Amino acid sequence: MNTPSFPPLFNGLAVESQVDPFDKACAEAARGCDAGLVVHDLGANTLRAALVFAPDVALVDAMAMLPLCGVGFQNALGALAPPEVAVHLEWAGGLRINGASCGTLRVAASISDPSTEPDWMVIGLELPLWPKTDAPGDTPDQTALYAEGCADVNAMELLESWVKHTLVGINTWTEDGVKALHKDWRGLSHGIGEDITMNEISGTFLGVDEQFGMLIRAADTTHLIPLTYLLEGT
């Protein structure tokens, strides 16, 4: 069986289908594994993977890894899929392909204090390859990769491409800050200008602040929901 090939400083760890790569990556990170670990499960119906990071900035700035990995996914799929396949990114980590929900990104870190530098951060990816039902018309807002004209996209190649494009994004972010990432993410974002409810706050999704916090315009004021709101398990 072939194994994925990753850039230098990235190391792969395959897990069985009953193991959640995201949980495994968090456990390995907590035990002190090196940054660059890629835990993955290339299942028949779902691609699941998680990347371990060791940010050297405060958590509030390190949270940029979530939108960065989203842009990396769009670039990766864009390099492999037909040009008419459109990928958009939800603020909360959801992925959309040709307008329908198709997988998600997740984030966890060693801490929850925005002003403190985390020991580790994990970004997880879960992507359905095949629809869960033989009647996709029953769930028109849900789709799967191979139902969207991407049947020739190899899951292992997509995983490899995601890691490579994410690395490019990390290098750009390290050298130039978040300006380019903001521009790229906004061009792919889903739902800006639409009504939304997040963290029990309802209003119009205006966009994001410099640190990718969600701005919601309600009747009386503009609310800010920091990206750290999406952290799991802290």
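**Aromatic pairs in their setting**

Modeller: Happy to! Of the contacts in the protein chain that join residues at least 6 apart in sequence, 62% link residues at least 24 apart (contact means heavy atoms within 4.5 Å). This is a predicted model, where local features need pLDDT of at least 70, side-chain atom pairs count only at pLDDT 80 or more, and totals for chains, interfaces and linings use all residues. Residues are numbered from 1 along each chain as its sequence is written, and side-chain values use heavy atoms, leaving out hydrogens and water.

The protein chain has five helices and 11 strands (DSSP runs numbered from the N terminus: H or I of at least four residues, E of at least two).

Now to the rings: searching the whole structure gives two aromatic pairs (Phe, Tyr and six-membered Trp rings with centres within 6.5 Å; planes under 30 degrees apart are stacked, over 60 edge-to-face, the rest tilted). W130 and Y146 are edge-to-face, because their ring centres are 5.1 Å apart and their planes meet at 70°. Both sit in the loop between β7 (121–128) and α4 (155–176), so this pair ties together parts 16 residues apart in sequence. W130 is partly exposed at 44% relative accessibility, while Y146 is buried at 17% (buried is under 20% relative accessible area, exposed over 50%, partly exposed in between, with a 1.4 Å probe and protein chains only).

W185 and F212 also pair edge-to-face, at 5.9 Å centre to centre and 85° between planes. W185 belongs to helix α5 (residues 179–188) and F212 to the loop between β9 (201–208) and β10 (214–217), so parts 27 residues apart in sequence are tied together. Both W185 and F212 are buried.
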